[in-house]
Amino acid sequence: MLLTTSVGSFPKPPYLTKARTQFDAGKITREELTELERQATREIIALQEQVGIDILVHGEMERGDMTTYFAERLDGFSISGPVRSYGNRYYRKPIVNGAIARPSPMTVEMFSYAQSLTSKPVKGMLTGPYTMCDWSFNTHYEDRRALTLALAEIIAEEAEDLEKAGAKYIQIDEPAISTRPEELGLAIEAMGIVTRDLKAKTISHICYGDFEKIYPEILKLPVDQLDLEFANSDFANLDIFRNPPFTKEIAVGVIDIHSYKLETVAQVKEWINAALEVFPPEKVYIDPDCGLKTRTLEEAEAKLKVMVQAVREIRAERGWV
């Protein structure tokens, strides 16, 4: 009961941030950068095991941004200059200027390496086709639907390769879904392409939007589990999911990744117990609201320790040990 996990990204250590700058300037080789990315991945896997997380992530040490990383590895894309995403954070927005194709697998090598470091399951991590479309400039395809469905076919190939590599959990992130409720049907159609042949447990992380506008329609998204943020709103959005009843597994975000403030075990327990009044306990997973890359490594570790301790106490109190 209440398996713990994380959404995907972890903060990059200073030595890796420096190395990425050096690589961009031509001062170190791709092989040297890759070895440092692997070192950082080893450290993130070890940290999660030490904290006691049940389902691990590899931390995305090789990724600069969740859309640009994939665009740089696909035919049909070029990359723009920096564009503001939120606050003072920027990303290099992809430009679709040709037919999209996948020359080779994009995530399998690092997933396989991370999984080799632990006996616990590591999630395969992908950015979904709708978000890839929404966060890119399209100068080639007829419209957003054509681009999204083309991306869905490519991401389906990647998901299938992850499954062949041993991934038992495959997460297809779609944070853009909640920002354009009028296109939810397109996002559902595209996800159906991605997950149609998968036997692994499928998950989609959604954040940054008004859940009230997409619920209960979001239950049609063809994945086994939805991963939603709650802590950032102090669980004010929990009542949205009372009626009609939630029918999928749910990963409940109980850690606010946008704040440096450390949650207390008591607060997290209160939130988890509130969630257990709305969702069937056997369908509830516990994680942070979103990826942890906006925090320092020390903050991320402290927050995860609070989360795991809260879960352990609730398991003990409810006899789920």
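Which residues line the largest cavity? They are Phe70, Leu74, Met106, Thr127, Met132, Leu151, Ile154 and Ile155. Before going on, note that this is a predicted model, where local features need pLDDT of at least 70, side-chain atom pairs count only at pLDDT 80 or more, and totals for chains, interfaces and linings use all residues. Residues are numbered from 1 along each chain as its sequence is written, and side-chain values use heavy atoms, with hydrogens and water left out.

**Cavities**

- On a 1 Å grid over the protein atoms alone, a cavity is a set of points where a 1.4 Å probe fits but cannot get out, and lining residues have an atom within 4 Å of a point.
- Grid points are joined across faces, edges and corners, and a volume is the space filled by probe spheres set on the points.
- Sort the lining of the second largest cavity by class and you get six nonpolar, no polar and no charged residues.

**The second largest pocket**

- A pocket is an open set of points with protein on both sides within 12 Å along at least five of seven lines.
- The second largest pocket holds about 350 Å³ of space.
- Its lining has 14 residues, and Glu62, Tyr69, Arg73, Met106 and Glu109 lie nearest its centre.
- Helix H2 (30-51) and helix H4 (108-116) are the elements that give two or more residues to this lining, with H2 giving the most, four residues.
- By class, the pocket lining has five nonpolar, three polar and six charged residues.

**Strand S6**

- Five of the five residues in strand S6 (residues 169-173) are buried, meaning under 20% relative accessible area with a 1.4 Å probe and protein chains only (exposed is over 50%, partly exposed in between).
- In a regular strand the side chains alternate between the two faces of the sheet.
- Here Tyr169, Gln171 and Asp173 point one way from S6, while Ile170 and Ile172 point the other way.
- Strand S4 (residues 124-127) runs parallel to S6 and is joined to it by four bridges; two strands pair if DSSP finds at least two bridges between them.
- S6 also pairs in the parallel sense with strand S7 (residues 201-206), over three bridges.
- Gly124 sits opposite Ile170 in S6, and Tyr169 sits opposite Lys201 in S7.

- Ser6 lies in the loop between strand S1 (3-4) and helix H1 (14-24), and it counts as buried because its relative accessibility is 1%.
- Asn138, in strand S5 (residues 137-138), has 29% relative accessibility, so Asn138 counts as partly exposed.
- Asn138 and Leu33 are 105 residues apart in sequence and 31 Å apart in space, C-alpha to C-alpha.

Definitions and conventions
Nonpolar A, V, L, I, M, F, W, Y, C, P; charged D, E, K, R; others polar.
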